[in-house]
Structure formats: C-alpha cells, structure tokens
Amino acid sequence: MFKVGNIISYQEMCSEEKTSLQKGMNFRVKNNLSIILMSLRKNAPYADKIEEGGRVLIYEGHDVAKYKTLTQDPKKMDQPMYLPSGQLSENGKFYNAVLNYKRGHQEAELVKVYEKIMPGVWSYNGIFKLIDAWQEKSSNRKVFKFKLELTNNRIKENVFEIEHNRLIPTDVKKEVWKRDKGCCVICGNNINLHFDHIIPFSKGGSSITAKNIQLLCAKCNLSKNSKII
C-alpha cells in the first residue's frame, strides 16, 4: 500500500492497482475508486496544475483517441463527452460524477492520483475528491477541466485512515531526486524510496523547498519516524 510521496515505477503502479494503466483517466477501476495519471512536466500533453498550496489539482480532460481512421489532429478537436459508440468517454464519466455530486445524488468521487516526475519515475500523490468540472476554450477548441481537492485519507484494507497530506511541488521533487541521485541519503538504497520532510510538516517544516525534503528508503524512513517525539 503506497503512501503519499512514495516513488515508484510504472510497473509498480500497475501492480498495485492490478491493472494496466494505459489511459490517463480511469473511472472506477478498483475498490470503486477512480485513478488519474498527471504530469506537470514542460512536455506534458495536458495542462494540469496544482493550486492552493498543493491541496487542489486542476486536471485537464483527455483528447479524442488516435483511431487509425482519424485524419484530424486530436489537439485541434474538442475533447469528447462521448465515444463514437455513444457511450460516455472517460471525460464524460468524470463530468457526470461531478453533476451527480452537485445534485446531491452521491458523495464526491474519490480519485487516486499518480504523477509522472520524469521518464521511469512516478510519485503517488494521494486520494483526491472530485468536486467540480467545466468546459473552457483553449486554442479554438473545448477542453474539460476537473477540480480535485486533496483529502486527509488513505486506504488500507478498504478502510479509510487519517493521514497528514501535503503535496510537494514537482520542481522540488525533481531537484531532490537529482541532488540525492535517486538513493536514500542514509543507507544509499535505491528501492522503496519516499520523499521525506526533514523537519515534519506538523512541526513547521516546509513542503515547498528542497532544503527540507530528502530521499529515504522505507526502512530508514520508519527508523527516523520512530525517533520523532
């Protein structure tokens, strides 16, 4: 079970979710949870954003699939609400969930979020509540935007447990990864890594500077936590 800040590979992510995550948007694929894959890299295909000190994610919907018969550039087409079959697209499913939430027909959709930091390196960003959705104009086409708010919950054996969450900005994650050379700063291990606050957030430590973030493996992270009073 991943915790917020865990550094993982694509294979580990798929193994955790017990499915091949080939799409960026995956509506209710496990334990009635949805999953999205995001990226804030310069060459990312969609304009995702983090706001409000790392507690809100503005996630862009996805384009028309590149069917073999498609002659037009998907980036010049409106992002679809429906598939050619008439069924809701992933955009449509997420959008419909927001409408049902706003109408009081359901609780806010819970969404697990994974972020691509760089090729081969992913980070688990936690569980978000899907609270809003809209369409807006972008380069002469319509795109979907989804607003998600970070929860203070994680899931363990299908039970929600309280966990203190703060997202570390992507540029800080990249700086720390390069500075610490992808290894635990204590033992040099390069597996089961985690972005760790040197001074815990609960004790006033910052999430927005690389000076307060380091790479620790699971063993060293547990050892450090056991010493914090």
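1. What covers the buried residues of α1? This is a predicted model, and in it the cover includes five strands: β1 (7-8), β2 (25-30), β3 (33-38), β6 (109-118) and β7 (121-137). Keep these elements in view while reading the next point.

2. Start with the helix itself. Helix α1 spans residues 10-17. Its buried residues are M13, C14, E16 and E17. They lie on the same side of α1, because they cover an arc of only 160 degrees around the axis. Two glutamates, E16 and E17, belong to this buried set.

3. Next, the end of the helix. K18 follows α1. The phi of K18 is positive, near 55 degrees.

4. A separate feature to inspect is the second largest pocket. Its volume is about 750 Å³. The lining has 31 residues. K23, G24, M25, Y46 and H62 are the ones that lie nearest the pocket's centre.

5. Which elements each supply at least two residues of that lining? They are β3, β5 (56-60) and α2 (90-102). Of these, α2 gives the most, with 3 residues.

6. Last, the make-up of the second largest pocket's lining. It divides into 16 nonpolar, 6 polar and 9 charged residues.

Conventions:
Residues are numbered from 1 along each chain as its sequence is written. This is a predicted model: local features need pLDDT of at least 70, side-chain atom pairs count only at pLDDT 80 or more; totals for chains, interfaces and linings use all residues. Side-chain values use heavy atoms; hydrogens and water are left out. Buried means under 20% relative accessible area, exposed over 50%, partly exposed in between (1.4 Å probe, protein chains only). Helices (H or I, at least four residues) and strands (E, at least two) are DSSP runs, numbered from the N terminus. The arc is that of the directions from the helix axis to the C-beta atoms. Contact means heavy atoms within 4.5 Å. On a 1 Å grid over the protein atoms alone, a cavity is a set of points where a 1.4 Å probe fits but cannot get out, and a pocket is an open set with protein on both sides within 12 Å along at least five of seven lines; lining residues have an atom within 4 Å of a point. Grid points are joined across faces, edges and corners, and a volume is the space filled by probe spheres set on the points. Ala, Val, Leu, Ile, Met, Phe, Trp, Tyr, Cys and Pro count as nonpolar, Asp, Glu, Lys and Arg as charged, and the others, Gly among them, as polar.
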